[in-house]
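Hi there,

Here is the structure we talked about, handed over for you to look through. My notes follow below it, grouped by topic.

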Amino acid sequence: MIIEHTRITAIQGDIITVPAKEIGYGELAAVKSRRGTSLAQVIRLRGDDVLLQVFAGSKGVATGDQVRFLGHPMQVAFGDALLGRIFNGSGDPIDGGSELVALPRIDIGGPSVNPIKRVIPRGFIETRVPMVDVFNPLVESQKLPIFAAAGEPYNELLARIGVRAEADVVILGGIGLKYDEYLKFRRTFEEAGVLSRTIMFVHTASDPVVERLLVPDMALAVAEHFGVQGKRVLVLLSDMTAFADAMKEIAISMDQVPSNLGYPGSLYSDLASRYEKAVDFDGAGSITILAVTTMPGDDVTHPVPDNTGYITEGQFYLKQGAIEPFGSLSRLKQLIIGSVTREDHGYIMNSMIRLFARSREVEQKLAMGFDKTADDDRYLEYAKLFYERFMDLRVDIGLNDALDLGWKTMAECFRPDEVGIKQEFIDQYWPKGH
Amino acid sequence: MDSVSGGRVVGVTGPLATVEVMEGQEVSQNEVGYVFCQGVPLKSEIIRVRGNLVDMQVFENTTGMQVGDRVDFSGELLAATLGPGLLGNIYDGLQNPLEKLDNLHGYFLQRGQYVSSLDKEKTWEFTPTITKGSRVRAGHYLGKVPEGIFDHQIMVPLSFLGTWEVVDIKTAGSYTVNEQIALLKNEEGREESITMVQEWPVKIPVRTYSERILPTTQLLTQMRLIDIFYPLAEGGTACIPGPFGAGKTVLQQIISRYAETDIVIIVACGERAGEVVETIREFPELEDPKTGRSLMERTIIICNTSSMPVAAREASIYTGVALGEYYRQMGLKVLILADSTSRWAQALRESSARMEEIPGEEAFPAYLESRIAAVYERAGLVRLYNDSTGSLTIIGTVSPAGGNFEEPVTQNTLKVVGAFYGLSRTRSDERKYPAIDPLISWSLYLDLMEDSLNERHEGWVDLVKEAQALFNKGSEIHQMMLVVGEEGISVEDLVIYLKSEIIDAVCLQQDAFDVVERATSEERQISDFLLLMRMVHHDFTFDTKEEARKEMTHMQNLFFQLKYCVFESEEYQKYRKEIEIILGEE
């Protein structure tokens, strides 16, 4: 039974209050105002008052507007027909294609996977970006954010990985995306000829703020259903900081006590319930999540990147157009390094980073005007080669070639006893003639 | 259900339901109730009572809950089910066995399922250890059943008050957990039937033992940095705070595998599901080196990962501690790894915010400190009624916001623990694992356990302190070098610095992924550390800094190769010999 209500007793931020009975928590409603109809979701029940957040915003909502409760929580259409399509933040097509009325609709923000129904991920996803493949390889079902300050080429990196990665379905969730960025993503996917395996949910910067909250949930609900069907799904999200900011806005409108810089105390749980959708199903497909988190003020201790870092399985720092070797981390790499990938992979990875750390120290020392020792020159040379051969984002090289290049680079600069590698690997891999 | 009992929902916000209690219904703080949401009973706990309104945290997703939904109260506090068959299980925060739950679409957790924590069908070989007519108290053993490699003691329920007489006790035989195995009578003549199962309210500490005693025995983790530099005691507490990516998880996993203890309880509290999966999938395959049995047989996993309901996260730590206390009552050594207590504190913060309580520092509730202290204080070494001892050791990780240890959870934890293993981003960036920063970490147990540690070798604790001092000195020299350059310091100082680097590289750093390196036995720790200290004591004389660097790099490489060799293997002896030749006669 659908009942219409025509009395809104309070409007605060994008939240309206409607007196109504027998309404379920989390239920959806349609709010019809002079600006059109918007969906709204129940976010609090208080006696006979129902508080709703209006997805299209509360601008122009009048106290006499009609509110119709739909009796179910937010849903999204699901089916193979979604492939190649583009939707906005409330799930409506924006690519000029047909409406998807015939498809079944699925609830978004569903329950979490029973942990015992997960398996240990073992699939290596090669990206041909050596800073990823060699030092922090991406593993199927991993959730990894790209931490970057504004202006870094994070969306380019995301698109590049989206195009190259071996996945059955790629889902892009754009949250507060600049319109041009959206067009760039679309062009990249089109040019690479992968649009037919791609689904895009795009909320652009000029769309209503509350709709941002829906994008990750829709993208992940669709991903989950494909995953259960046995598909290997890659979800790209950009930018999760915009998502968190929308949550902050709602929390403040709800008079919630903020915990840190205005963000609600539930920020960790809210982000985690999205990222934790990344999964390798026992006996079915998988979901891998790569998400951009922009760091306001380039500050990693800002609540959004900070909470994200604790949730995700590592992180990439994008700084001055390159992936930083320090701080960047793939937690799942141990599951594949040396077992799925080549046996010397782990030693190369650790030694090269350790030597690069030393090189940075030398650079700092020299910058402070100290004398150069003979050793220092070798470290400086190493740093230069490391940047050219590995860090430069333009480098496009497979993993095994990159490992060989690693041995070569170390041998060009150091003696075998300086690199801290087990003797048997030195014997086997150290380039002859050095 | 009686018509005057229960209550009805009058408000919902997130996992918090406000319930109006019917007149005549008595409720108590922390009582469990069930909210009927779309006909499904959802387990909830009363966390505040105000007049006829109570606030309940619902341990499940509240989508679809309506004003007017019925609420039943159980009259019981949130309790853990204790009995044989707990080991090897994987529970959620409310002690539901995850393997027994029905899954939605084959994979997803469905709300409102409450499954018995123990297998009701399985029979256990019971042997009575007490005779009819004996007088017993809570915690006294009545009999035992074999569980894995242990004798699981069946005891007088821990909640029983006063003295009881054994009226009847079953003879040896097979029984299920719910069959009566004894009949007890108290002084007032009230009789109680005893089965192998009992319930204990998780938030209340078990105190049925003679006394708590000072922890003076080392708990071996096989991690050198901890065992040598900052040792942990059986019955002690430790906290591991660290920024993300500093290796907390790997550290925990290593400890859970190689710690020399009887039982390990892993509480995955608000952390990634993936980490638990590794444990769940790998432990059954791994062999406990001490017993030769699967590691899972000594392990209980309580798993309430970050996307599972927040309120159950709060309960999960208490559930873990209650299970730990229960096994301690059997005279066993129990280790609890709680990862992460920050997520638990955040769960407190979330419900506090929803109840609109006045916030304390960083919006954490004002009672944060006392709650943290109450959890860690449940650890300890105790003397049981039968004079044997049992211990409960708690290691909690903390995930401080921004990696800043000044935040409330870290600070309040530091006040109550006996050891502090602070992880540092700098060390992990330099790939120095475990990234426990030796300069900021501490352990009160080094002095407390001096006598037992000195049994390792005469003057052991002094040697350790000497190594610590040298490490600190080396670090100071390194700082100085960053300012004045290598040319600004003497050769002697350079050698001290290089020695401290060797201690760091070959003793403190430990490769968690190498078969040999990941766990170091006590015997090897002693042998290698003494050799290392001979190197430290050796009076090296170098003419130039270049020479010093070259020779010490060589020395470091020898120690480095040594640590990867199997203890006392041919290769090991070879490198050891080489080192000993350089060091000369002792």
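**Salt bridges**

Counting over all chains gives 63 salt bridges. Please keep in mind as you read that this is a predicted model.

Let me start with a pair in chain B. B:Glu45 and B:Lys203 form a salt bridge, with their closest N and O atoms 2.8 Å apart. B:Glu45 sits in strand E4 (residues 40-50) of chain B, while B:Lys203 is in the loop between strand E19 (198-201) and strand E20 (211-213), so this pair ties together parts that are 158 residues apart in sequence.

Two other salt bridges are found within helices. In chain A, the side chains of A:Glu181 and A:Lys184 meet at 3.6 Å, N to O. These residues are 3 apart in helix H3 (residues 179-192) of chain A, which means that about one helical turn separates them. A:Glu181 is buried, with a relative accessible area of 15%, and A:Lys184 is partly exposed at 33%.

In chain B, B:Asp528 pairs with B:Arg524, and here the closest N and O atoms are 3.0 Å apart. Both belong to helix H13 (residues 522-537) of chain B, where a spacing of 4 residues again puts about one helical turn between them. B:Asp528 and B:Arg524 are both buried.

There is also a network to look at in chain A: salt bridges link A:Asp375, A:Arg378, A:Arg415, A:Asp417 and A:Glu418.

**Cavities**

How many cavities of 30 Å³ or more are there? The count comes to 13.

The largest cavity has a volume of about 220 Å³. Its lining is made of 23 residues, and those nearest the centre are A:Asn260, A:Asn307, B:Gln346, B:Arg349 and B:Ala401. From chain A, strand E17 (258-260), strand E18 (263-264), helix H6 (267-275) and helix H7 (303-311) each give at least two residues to this lining, as does helix H5 (341-354) of chain B. By type, the lining residues are 10 nonpolar, 8 polar and 5 charged.

Helix H2 (248-258), strand E22 (263-269) and helix H3 (273-282) of chain B each supply at least two lining residues. The largest share, 4 residues, comes from H2(B). This lining divides into 5 nonpolar, 5 polar and 3 charged residues.

**A sheet in chain B**

Chain B has an open sheet of 4 strands in the order E12-E15-E17-E18, with antiparallel pairing. Its edges are strand E12 (135-136) and strand E18 (191-194), each of which pairs on one side only. Further in, strand E15 (residues 164-169) and strand E17 (residues 182-186) run antiparallel and are joined by 5 bridges.

The loop between E17 and E18 of chain B holds B:Glu188. Is that residue buried or exposed? B:Glu188 counts as exposed, at 72% relative accessibility. B:Glu188 is 24 residues from B:Trp164 in sequence, and their C-alpha atoms are 9.5 Å apart in space.

**Cysteines**

A search of the whole structure turned up 0 disulfides over all chains. For B:Cys239, the nearest cysteine sulfur is that of B:Cys269, 15 Å away. B:Cys269, in turn, has its closest cysteine sulfur in B:Cys303, and at 11 Å this is too far for a bond. B:Cys239 is buried at 0% relative accessibility, and B:Cys269 is likewise buried at 0%.

Conventions: Residues numbered from 1 in each chain as written. Chains lettered and ligands numbered in written order. Predicted model: local features only at pLDDT ≥ 70, side-chain atom pairs only at ≥ 80, totals over all residues. Heavy atoms only, no water. Disulfide = S-S within 2.5 Å. Buried < 20%, exposed > 50% of the residue type's maximum accessible area, 1.4 Å probe, protein only. 1 Å grid on protein atoms, 1.4 Å probe; cavity = no way out; pocket = protein on both sides within 12 Å on 5 of 7 lines; lining within 4 Å. Points joined across faces, edges and corners; volume = space filled by probe spheres on them. Nonpolar A, V, L, I, M, F, W, Y, C, P; charged D, E, K, R; others polar. Pairing = 2+ DSSP bridges. Salt bridge = Lys/Arg side-chain N within 4 Å of Asp/Glu carboxyl O.
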